[in-house]
Amino acid sequence: MAYIVRGLDPKQFSNLFAFDNAQLEARYATRVVAGPAGRYPCRVSLLNADPGDELLLMNHNSHDVRTPYRNNYAIYVRKDAKEAASYVDELPPVLRSCQIALRGYNADGNLIDGVLALDDNVDEIVRTLFADDSISYIHAHNAAYGCFAALVERYGDEA
């Protein structure tokens, strides 16, 4: 069973980088300069920002559904992220070597199952979750901080 991991569309964020601090604050966002490597995961490129990269830290509705599982939380977006990442049957760097919560939803946006990947076993858990035909897509979240990491969807003939 193949899957695809997608980054967020950068078009929804690109104009925000021109905003001043007050305009960003009104949108629950702030400008950030990345510090130590590995601590600023971009949700467009699905790469960790390099030290010195400009990012926005903002509130984002990652699960815009009319169910109790609607979800808003903080995400980082790098200024230089110009194209949404796409990984077919492989994991992006931001889903490797860290603890990830995987939440499987049905087509109506209701939670069917949730599993913690604690040992760099995201790929195995994604495939196990998709073995359940009632799961339409998976949201990956950082286990410790809770922020949305990426959308995982079925891909190819199995979709």
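These legends accompany close-up views of one predicted model. Residues are numbered from 1 along each chain as its sequence is written, and side-chain values use heavy atoms, with hydrogens and water left out. Because the model is predicted, local features need pLDDT of at least 70 and side-chain atom pairs count only at pLDDT 80 or more, while totals for chains, interfaces and linings use all residues.

View 1. Helix α3 spans residues 122-130, and its buried residues are V122, I125, V126, L129 and F130. They fall within an arc of 130 degrees seen down the axis of α3, so they line one face of the helix; the arc is that of the directions from the helix axis to the C-beta atoms. Turned away from that buried side are the exposed residues E124 and T128. Here buried means under 20% relative accessible area, exposed over 50%, and partly exposed in between (1.4 Å probe, protein chains only). Helices (H or I, at least four residues) and strands (E, at least two) are DSSP runs, numbered from the N terminus. The cover over the buried residues of α3 includes β1 (2-6), β6 (100-105), β7 (111-117), β8 (137-142) and β9 (148-155).

View 2. Look for L24 in helix α2 (residues 21-26). L24 is buried, with a relative accessible area of 0%. Leaving aside neighbours within four places in sequence, L24 is in contact (heavy atoms within 4.5 Å) with L16, F19, A29, T30, R31 and L56.

View 3. The side chains of E54 and R31 meet in a salt bridge at 3.2 Å, N to O. This pair links distant parts of the chain, with E54 in β3 (residues 54-63) and R31 in β2 (residues 29-33), 23 residues apart. A salt bridge is a side-chain nitrogen of Lys or Arg within 4 Å of a carboxyl oxygen of Asp or Glu. E54 is partly exposed at 25% relative accessibility, and R31 is partly exposed at 28%.

**View 4. A salt bridge between two loops.** R96 pairs with D120, their closest N and O atoms being 3.0 Å apart. R96 sits in the loop between β5 (86-88) and β6, and D120 in the loop between β7 and α3, 24 residues apart.

View 5. D123 and R127 form a salt bridge at 3.1 Å, N to O. Both lie in helix α3, four residues apart, about one turn of the helix.
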